[in-house]
Amino acid sequence: MTVQKVREILEKNGRLSTPVTDLADDSDLYNAGLTSLATVGLMLALEDEFNIEIPDSMLGRKTFSSIQSIVDVVEQLTQKA
Amino acid sequence: MEHTNQAGMSKESFEKLLEEVHKIGEEIMRPNARDVDANARFPQESIDAIKKLKLMGAYIPTELGGLGLNITQLARVCEALGQYCGSTAMIFAMHQIQVACAVNHGLSNEHFKNYLKKVASDSRLLASATTEMGIGGDLRQSICAVEQNGDSFTLTKNAPVISYGKQADDLFITSRRTPDSPANDQVHVVVSKEDYELEPSMAWDTMGFRGTCSEGFLVKSKGHIKQIIPAPFADILSQSMHPTSHILWGSLWLGIATDSVNMARAFVRDMMKKNPNAPQTAALRLAEVHSVLQLMRENVHGCAEHYQQLLSENNAEALDTFSFSVKINNLKISSSSLIIDIVSKSLLICGIAGYRNDTKYSLSRHLRDAYGASLMVNNDRIMNHNATLLHMHRGD
Ligand SMILES: Cc1cc2nc3c(=O)[nH]c(=O)nc-3n(C[C@H](O)[C@H](O)[C@H](O)COP(=O)(O)OP(=O)(O)OC[C@H]3O[C@@H](n4cnc5c(N)ncnc54)[C@H](O)[C@@H]3O)c2cc1C
């Protein structure tokens, strides 16, 4: 459920060079072309969609490194809410 | 990250070591600094003196034969060296940045453990080839690639700037993982002198940091795949190379700035001695520059202490956050700007005596060195990074 939504958001905001459908959940998004500027759009879209605020301590390169790591963070934050 | 030992050398031993550093600074580095600068020559006698103090292994844990300094102590050594010869201090800092990458990311690995032992026991000098022709200063992209063949590899890199490339014993090269890897899938490869050939491509006749002999080369290397640091370069950069570079560079720039203020102070004192009724203008300027120097010093020291804290907690998550990157980038931008400000203000105090090349108040070398600071990883590149990262920062 979360994975599907994250994939949709990534498709729209990630500006990747590889189509999201070709990526496994643990594929490296930076290797797929994720830039830091695209990460900004991705973060804003995730916060909007899931109604969360990602704290500074989780805002790092690792969080956005794969679909799985994004899902983990989103789930952790939505469970808290 | 494996290295968490930030206990460092005991306070007493470190104070003694720092005294020794100031001693070689006064006796060897300062007397040679002008010649090193004028002739853009490698400061061999100063590096030899540093080696005698076992400082090449300063950041290597004691169990591997190093001195086991922590990062704030290492930064203090850079700051001290910067007060005598900017080029020597820069060479020392760049060497230690490579050591830190190997210490933080190689210690779980037998090969790198033995390698670091050798660096400490033989005082090997380590150089860095990150900048690449066709890419410029973007550390997170490479064109060159490791070409693996069984257990061995070849790697060729067109590097326009390798400080003390000719004098180094080992070279740390960033490269793509394989010829099929995207530009940002990088590894950090360590090759020794016998593994590589350097074809000179560019001379080093620059405004400042002339003694770093940062010539350009086409590097042709080969080696065993165990010479590739196991961690991805992205981790090495964010957790080690990026913070260590800006802390150690900031420290040696602080040393240069400190020396310029010391000269301004001596100049004002001389002036007062000659004419006790002279107007207070220069003294006022000294008071002004002194406060800027304190600002720079506290910022450099504070960032070093923060990094040391995160290292001692082995806090890889915190090191990987955008907010930590922003902080380190801010350190680079402010310290590289403040060094110019401080040396310029000192020059205004020393006046024509500072402008001349042949007085004890000459600030020519300091000022020329100072301008290099904002170019080694261009400040505008860093500012661009922060402009992006700050969109993802919640506030302080
Ligand atoms: C004393 C000294 C010693 C050095 N030693 C070494 C060494 O040992 N090993 C090593 O590898 N390197 C070394 N360097 C190189 C240094 O670290 C820089 O990476 C390099 O000098 C940058 O080169 P550049 O100015 O041509 O490139 P750039 O950083 O590409 O800058 C050139 C211009 O491009 C602009 N720019 C900004 N952002 C971007 C962007 N996103 N894309 C394109 N352009 C942008 C900049 O503002 C600037 O105007 C050394 C430099 C100095 C000064």
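## Nonpolar cores

A nonpolar core is a set of buried Ala, Val, Leu, Ile, Met, Phe, Trp, Tyr and Cys residues that are joined through side-chain atoms within 4.5 Å. In this structure, which is a predicted model, the largest such core has 122 residues, and those with the most contacts inside it are Leu55(B), Leu252(B), Trp253(B) and Ile339(B). Helix α6 of chain B, which covers residues 233-274, gives the most to this core, with 17 residues. Apart from it lies another core, made up of 32 residues, among them Leu16(A), Ile54(A), Val71(A) and Leu77(A).

In soluble globular proteins, nonpolar side chains tend to be buried together.

## Surroundings of the ligand

There are 20 residues around the ligand, and of these Ser128(B), Thr130(B), Thr131(B), Ser163(B) and Arg381(B) come nearest. A nitrogen atom of the ligand is 2.8 Å from an N or O atom in the side chain of Ser163(B), while an oxygen atom of the ligand is 2.7 Å from an N or O atom in the side chain of Arg381(B). For the side chain of Asn378(B), the distance from one of its N or O atoms to an oxygen atom of the ligand is 3.3 Å. On its own the ligand has 970 Å² of accessible area, and the protein covers 65% of this.

## Paired strands in chain B

Strand β7 of chain B (residues 215-224) is joined by nine bridges to strand β3 of chain B (residues 152-162), and the two run antiparallel; within this pairing, Ser152(B) has His224(B) in β7(B) as its bridge partner. Strand β6 of chain B (residues 196-202) also pairs with β7(B) in the antiparallel sense, over six bridges, and here the bridge partner of Leu198(B) is Val219(B).

Strand β1 of chain B (residues 126-129) runs parallel to strand β4 of chain B (residues 170-176), to which it is joined by four bridges, with Leu126(B) standing opposite Asp170(B). In a regular strand the side chains alternate between the two faces of the sheet.

Thr88(B) has its place in helix α4 of chain B, which spans residues 86-106. Its relative accessible area is 0%, so Thr88(B) counts as buried. Leaving aside neighbours within four places in sequence, Thr88(B) is in contact with Met29(B), Pro43(B), Ser46(B), Ile47(B) and Ile50(B).

His242(B) is found in helix α6 of chain B, and with a relative accessible area of 14% this residue is buried. Not counting residues up to four places away in sequence, His242(B) touches Leu237(B), Ser325(B), Ile328(B) and Asn329(B). Ser374(B), by contrast, is placed in a loop, namely the one between α11 (364-372) and α12 (379-389) of chain B. Its relative accessible area is 16%, and because buried means under 20%, Ser374(B) is buried. Although Ser374(B) and Ser337(B) are 37 residues apart along the chain, their C-alpha atoms are separated by 6.9 Å. When neighbours within four places in sequence are left aside, Ser374(B) is in contact with Lys332(B), Ser336(B), Ile340(B) and Asn379(B).

Terms used: Residues are numbered from 1 along each chain as its sequence is written. Chains are lettered from A and ligands numbered from 1 in the order in which they are written. This is a predicted model: local features need pLDDT of at least 70, side-chain atom pairs count only at pLDDT 80 or more; totals for chains, interfaces and linings use all residues. Side-chain values use heavy atoms; hydrogens and water are left out. Buried means under 20% relative accessible area, exposed over 50%, partly exposed in between (1.4 Å probe, protein chains only). A residue is near a molecule or strand if one of its heavy atoms lies within 4 Å of it. A polar contact is a pair of N or O atoms within 3.5 Å; within protein, one must be able to donate a hydrogen and the other to accept it, and residues adjacent in sequence count only if both atoms are side-chain atoms. Accessible areas come from the Shrake-Rupley method with a 1.4 Å probe; for residues, only the protein chains shown count as cover. Two strands pair if DSSP finds at least two bridges between them. Contact means heavy atoms within 4.5 Å.
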